[in-house]
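Hi everyone, thanks for coming. I'd like to walk you through one model today, so let me put it on the screen and we'll go through it together.

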Protein chains: 2
Amino acid sequence: MARAGLTPRVVVDVALDLVDERGADALTLAAVAKRAGVATPSLYKHIGGLADLRRMVATRVVEGLAQELNAAVLGLSGRDAVRALLRAYRSHVRSRPHRVRFLETAPTPDDPEASRAYRVAVDVMFAALRTYDLVEGERVRTTRLLRSMVHGFVVLEVAGGFGLPEDVDATFEELLDDAEALLDRRAPSTA
Amino acid sequence: MARAGLTPRVVVDVALDLVDERGADALTLAAVAKRAGVATPSLYKHIGGLADLRRMVATRVVEGLAQELNAAVLGLSGRDAVRALLRAYRSHVRSRPHRVRFLETAPTPDDPEASRAYRVAVDVMFAALRTYDLVEGERVRTTRLLRSMVHGFVVLEVAGGFGLPEDVDATFEELLDDAEALLDRRAPSTA
DNA sequence: TGTGTAAGCTAATAACATTAGCTTCGGCAT
DNA sequence: ATGCCGAAGCTAATGTTATTAGCTTACACA
């Protein structure tokens with residue numbers, strides 16, 4: 001019989017497809033195995049188990065977000081960079097709403113892969129503030145506040161927490177303005 | 001044999017204890033039944049199943065939050081009310097971190113109980129802005145932004161998304177200042 | 001005191017994760 | 001070419017959980 005040719009990476013690919021198509025709760029080893037064309041126990045040759053697979057999926061989700069954020073700010077600086085970053089964060093989550101579950105728990109420190117991916121994502125945001133003239137300690141706190149705003153917004157949005165969908169775009173535009181004002185308050189000198 | 005005297009309310013109480021003590025993933029019917037002193041199938045006399053129990057738990061979690069928010073703003077108005085509200089939101093979630101999972105999905109419209117609880121919670125926030133002189137459409141959007149900020153912050157905080165814990169308090173104080181500035185931009189006339 | 005209903009029970013089924021141990025494909029050295 | 005051996009796959013078995021069906025009995029109330 002022809003082998004399926006699985007690798008950890010492929011297993012995670014299949015898992016992500018499953019999550020995107022049928023939601024985070026549909027991520028079971030049985031479903032992944034079926035879709036990959038192998039028996040369930042065969043997956044254990046490539047992953048440590050369901051918890052391990054979830055961890056790897058979360059890592060890939062964060063990596064994907066980081067990449068998209070990074071691409072969004074390329075060549076931009078100042079206000080433009082921040083606005084592009086926040087827009088990219090929202091649009092990425094909206095395009096794959098089921099993945100948001102995997103953005104809701106930070107990696108444990110003993111997971112270097114996941115920690116690295118997470119750090120990269122935060123660093124992109126951090127770097128987008130480089131052109132703002134912030135005092136040292138303010139950079140970290142300001143990054144946290146921007147993350148809180150945009151993360152809270154998209155989490156509530158994809159959860160349907162805003163009621164009627166109309167006008168949510170306008171609310172997000174206001175969020176961008178508020179983010180900018182927040183930065184201006186801290187670095188009024190920046191162009 | 002003496003009956004256990006269960007009711008839907010008691011089952012949810014037990015479920016909440018379980019969540020608080022052992023985390024949201026530990027919420028299984030088997031565990032609830034054991035703790036309640038009955039056999040697992042007996043729970044079906046009071047709840048519709050696991051999904052139903054989760055729904056009821058989520059409702060109670062939102063009710064609890066709404067109550068605490070409401071208590072926090074009693075007798076306050078303007079800036080004081082908003083600051084107290086946001087502080088209460090954070091402290092409530094921090095005191096029962098495992099419950100946050102149940103704040104991350106909005107109720108479906110066909111669930112009147114849950115929808116009502118959710119609406120009450122949002123209304124408390126909405127009402128806290130009453131003393132601000134906002135134009136009509138701005139009230140809804142402003143409420144959303146405050147919710148996004150504080151919800152995003154506490155979600156990231158309890159998930160451990162902020163790295164080192166020190167200084168998180170200071171970041172939250174900045175969030176309060178930013179929320180105030182955000183309101184001042186929209187209603188500069190308010191005292 | 002009798003009776004009906006709701007609260008409890010046991011038994012059975014199905015989905016899933018996980019472990020153990022077997023089989024075989026296919027790359028690689030001879 | 002051929003034979004070896006490790007990795008990739010398999011089946012079988014176990015344990016946990018949710019759920020349904022159908023039985024029994026406590027207890028409120030007539």
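Let's begin at Ser42(A): an N or O atom in the side chain of Ser42(A) is 2.4 Å from a phosphate oxygen of DNA strand D. Please keep in mind that this is a predicted model, and that distance of 2.4 Å is computed from it.

The backbone takes part too. A polar backbone atom of Gly5(A) is 3.0 Å from a phosphate oxygen of DNA strand D.

Now, how many residues surround DNA strand D? There are 20, and the closest are Arg3(A), Ala39(A), Ser42(A), His46(A) and Tyr44(B). As for the protein surface near DNA strand D, by class we have 11 nonpolar, 6 polar and 3 charged residues.

Let's move over to where the two protein chains meet. Chain A gives 34 residues to the contact, and chain B gives 34 residues. Between them they bury about 2900 Å², with 52% of that on carbon and sulfur atoms.

What about the polar side of things? The count between chain A and chain B is 21 residue pairs in polar contact, with both residues at pLDDT 80 or more. For salt bridges between the two chains, the count is 12. One of these links Arg141(A) with Asp167(B), where the closest N and O atoms are 3.5 Å apart.

Which elements give two or more residues to the side of chain A that touches chain B? They are α6, residues 136-158, and α7, residues 168-186, both of chain A. The largest share, 12 residues, comes from α6(A). Sorted by class, that side of chain A has 15 nonpolar, 7 polar and 12 charged residues.

I'll finish with one residue that I'd like you to find on the screen: Asp178(B), which sits in helix α7 of chain B, residues 168-186. Is Asp178(B) buried or exposed? With a relative accessible area of 4%, Asp178(B) is under the 20% cut-off, so Asp178(B) counts as buried. Leaving out residues up to four places away in sequence, Asp178(B) touches Leu145(A), Leu182(A), Arg185(A) and Arg186(A), along with Met149(B) from its own chain.

Methods. Residues are numbered from 1 along each chain as its sequence is written. Chains are lettered from A and ligands numbered from 1 in the order in which they are written. This is a predicted model: local features need pLDDT of at least 70, side-chain atom pairs count only at pLDDT 80 or more; totals for chains, interfaces and linings use all residues. Side-chain values use heavy atoms; hydrogens and water are left out. Contact means heavy atoms within 4.5 Å. Buried area is the accessible area (1.4 Å probe) that two parts lose on being put together, summed over both. A salt bridge is a side-chain nitrogen of Lys or Arg within 4 Å of a carboxyl oxygen of Asp or Glu. A polar contact is a pair of N or O atoms within 3.5 Å; within protein, one must be able to donate a hydrogen and the other to accept it, and residues adjacent in sequence count only if both atoms are side-chain atoms. Helices (H or I, at least four residues) and strands (E, at least two) are DSSP runs, numbered from the N terminus. Ala, Val, Leu, Ile, Met, Phe, Trp, Tyr, Cys and Pro count as nonpolar, Asp, Glu, Lys and Arg as charged, and the others, Gly among them, as polar. A residue is near a molecule or strand if one of its heavy atoms lies within 4 Å of it. Buried means under 20% relative accessible area, exposed over 50%, partly exposed in between (1.4 Å probe, protein chains only).
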